[in-house]
Amino acid sequence: MPLIKIRDLHFYRGSRAIFDGVNIDIDRGKITAIMGPSGTGKTTLLRLIGGQLRPDRGTIEVDGQDVHKLSHSDLYDLRKRMGMLFQSGALLTDLSVFDNVAFPLREHTKLPESLIRDLVLMKLQSVGLRNAHNLMPSELSGGMARRVALARAVTLDPMMIMYDEPFTGQDPISMGTLVNLIHKMNDAMKLTSVIVSHDVAETAEIADYIYLLSAGKVIEKGSPVQLKRSSSQWVQQFMQGLPDGPVPFHFPGDSLEDDLFSQKVSG
Amino acid sequence: MHNKNTEITVGMFVAAGIVALFILAMKVSNLADLNDEEGYRVVAEFENIGGLKVRSPVTLAGVRVGRVEAIDLNSQTYNADVTLNLYGSYNQIPTDTAASIYTAGLLGEQYIGLEAGAEDEFLQDGDVIDLTQPALVLEQVIGQFLFSKAEGDE
Amino acid sequence: MIDTIRSLGRWGLDSFERLGRGHIFLLHTLQGVPELFLRFSLVIQQLFSVGVLSVLLILISGLFVGMVLGLQGYNTLVDFGAEESLGVLVSLSLVRELGPVVSALLFAGRAGSALTAEIGLMKSTEQLSGMEMMAVDPMRRVIAPRFLAGLISMPLLAALFSAMGIFGGFLVGHSLLGIDDGAFWSQMQVKTDWYDDVLNGVIKSIVFGFVCTWIALFEGYDATPTSEGVGRATTRTVVHSAFAILGLDFVLTALMFGEG
């Protein structure tokens, strides 16, 4: 049985459909990637899974529980078993790196301070930032902030972790570090990972299974190898990053000829 | 995790605020006067109380001996029944004491001044002061003055 | 024409919706307050940034307001030969009106705008969202402690303001203009009533603290999560707080001092 089961998901922002009947299964212990062009609501999907947004129709089950039918306290209990890595890292800016990683432990457990210290340092060690524990978030580079956030996301040893655009805006070295870390974390902690991204190469490198989303629907799904062999032109355009194809280079509208030679004066 | 200095300054802040409130209570306002000792009540009936208010002071020879506790209209005589609360320590005020309504300064607020009588018996709880003099109402005084002046001229 | 009416209607609907959200927000905030007494260290930290950091501003402003009151009051009262009443004038105007109102306006400008900016920034950097996903309710962890701290700080700050102002009035009246200090204090004591004047002033400042903190936190929480949105929310906090303070001051004054 999959860990996350999304059925017939509809979600509207205003009158625009972000999701229009989406079905997704995310298997336990695997790295599943949700990919698609910017603006297809990939981040929205993670918020729906986390229960921060409500779908207009359809259900999302996590570990057998319907997320949007849970009471406030049950939802919060479920979230303790979910980790989430935000694009910006979402570190608490008024706390040091150490206190940030210790934050979930201090909020949810009554562990003695010495034990918290050991746990936090171990988590920081696993992302290679043990010696940075005294720094403030403002002193970290973007890649380091994400690694701290990753350490924080796994302090409570969750069953799953969701990554929101983990590779965006990273230099090649931190990108490589993150790819490596996500892979290792998944294997070492027996996690289920959900990656939302549009960085094809990095994601395809570690993902076991990929869903391609566009215009509110699942366009294609399969392993990275299957997707690369897909016959769909759209999939090919996306996977290879071609500038023109089924997704046109030009914003749809009047043709250039019409615009140049018509006598209409706009405004 | 929590800075000790933060706690200290917050403590100082709260203490300073409470001290300021205390100053406002004791030094600036009349709270110090308000903790009235248990007193006894006396009623005085006035024709007109002018601007007298509940909690106005009651003085004898200028010394504050109590306050106005209630003001009611007497439905039979159409006069004002003023209940005075006199402090318990001033329990030797003669029964024939007179009560008048005065104004502190030209524009100040009104208060009740008592003038001690000569009786040997003293006022007790529930007694009535018979000798009263109503408040001077400025318009009436001026009116009378103009009237008498006009009469004199004729 | 129709467009104007329509935009007016939309503005009205939007305002109502915001008002509704504001009240729901307040409800959630208040629900988070009781458990704060188990974790009072959270409130202490906020008392520092909301209260202590405003103290200097409040003290200095209070001193100057009191000194100005002393000078202006003296110039007016001396015409009536009533300069002995300067103490009454200073204390009544401060304790009843200026203390609560001016310190609340300063509080909105200093602490309120800072609260809005802080919450707005936490929202725009996904810190609030991040907390939710860590199963920590930001209403309880972030909003409620700040609310309680604002509620506690405001009356204390107003009292400091009034006390400082009276001291300033006394400085000017006694040291500069030579009013007898005995007359200054005794007149003040006779005419300033603990219940009618001081306590009502304290009640006012509690109400202002409640409203100002509520507005500041809600504006931050409801801000559009961009730097522009946070900037606009901060401005709105100051403007709305000022309106709320002055409007409520009228209502409260009418209720408290309306009948003789």
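**Entry 1. C:Met134**

I looked up C:Met134 and found it buried, with a relative accessible area of 11%. Buried here means under 20% relative accessible area, exposed means over 50%, and partly exposed lies in between (1.4 Å probe, protein chains only). C:Met134 sits in the loop between helix H4 (127–133) and H5 of chain C. Helices (H or I, at least four residues) and strands (E, at least two) are DSSP runs, numbered from the N terminus. I then listed what C:Met134 touches: A:Phe103, A:Pro104, A:His108 and A:Arg152, leaving out residues up to four places away in sequence. Contact means heavy atoms within 4.5 Å.

For the record, I am reading a predicted model, in which local features need pLDDT of at least 70 and side-chain atom pairs count only at pLDDT 80 or more, while totals for chains, interfaces and linings use all residues. Residues are numbered from 1 along each chain as its sequence is written, chains are lettered from A and ligands numbered from 1 in the order in which they are written, and side-chain values use heavy atoms, with hydrogens and water left out.

**Entry 2. Salt bridges to A:Glu107**

A salt bridge is a side-chain nitrogen of Lys or Arg within 4 Å of a carboxyl oxygen of Asp or Glu. I noted one between the side chains of C:Arg39 and A:Glu107, at 3.0 Å, N to O. C:Arg39 lies in the loop between helix H1 (2–32) and H2 of chain C and A:Glu107 in helix H3 (residues 97–108) of chain A, so this pair joins two chains. C:Arg39 is partly exposed, at 33% relative accessibility.

I also found A:Glu107 in a salt bridge with C:Arg141, at 2.5 Å, N to O. That pair runs between chains too, from helix H5 of chain C to helix H3 of chain A. Is C:Arg141 buried or exposed? C:Arg141 is buried, with a relative accessible area of 13%.

**Entry 3. Salt bridges within chain C**

I checked C:Arg21 next and found its side chain in a salt bridge with that of C:Asp222, at 2.6 Å, N to O. C:Arg21 is in helix H1 and C:Asp222 in helix H7 of chain C, so the pair ties together parts that are 201 residues apart in sequence. C:Arg21 counts as partly exposed, at 34% relative accessibility. I traced a network of salt bridges that links C:Glu17, C:Arg18, C:Arg21, C:Glu219, C:Asp222 and C:Arg236.

**Entry 4. Chain C against chain B**

I counted 31 residues of chain C in contact with 24 residues of chain B. The two chains bury about 2,500 Å² between them, with 76% of it on carbon and sulfur atoms. Buried area is the accessible area (1.4 Å probe) that two parts lose on being put together, summed over both. Which three residues supply more of the area that chain C buries against chain B than any other three? They are C:Leu156, C:Gln189 and C:Trp194, with 25% of that area.

I found 0 salt bridges between chain C and chain B. The rule gives 1 residue pair in polar contact across this interface, both at pLDDT 80 or more. A polar contact is a pair of N or O atoms within 3.5 Å; within protein, one must be able to donate a hydrogen and the other to accept it, and residues adjacent in sequence count only if both atoms are side-chain atoms. On chain C, helices H2 (40–77), H3 (86–124), H5 (138–176), H6 (181–191) and H7 (194–222) each supply at least two residues of the side that touches chain B.

**Entry 5. C:Asp193**

I placed C:Asp193 in the loop between H6 and H7 of chain C. C:Asp193 is buried, with a relative accessible area of 11%. A polar atom of its side chain lies 3.1 Å from the backbone nitrogen of C:Tyr195 and one lies 3.0 Å from the backbone nitrogen of C:Asp196. Not counting residues up to four places away in sequence, C:Asp193 touches B:Ser29, B:Asn30, B:Arg55 and C:Val198.

**Entry 6. Positive phi**

I noted B:Tyr78, which is not a glycine but has a positive phi of about 55°. B:Tyr78 lies in the loop between strand S3 (63–73) and strand S4 (80–87) of chain B. B:Tyr78 is exposed, at 61% relative accessibility.
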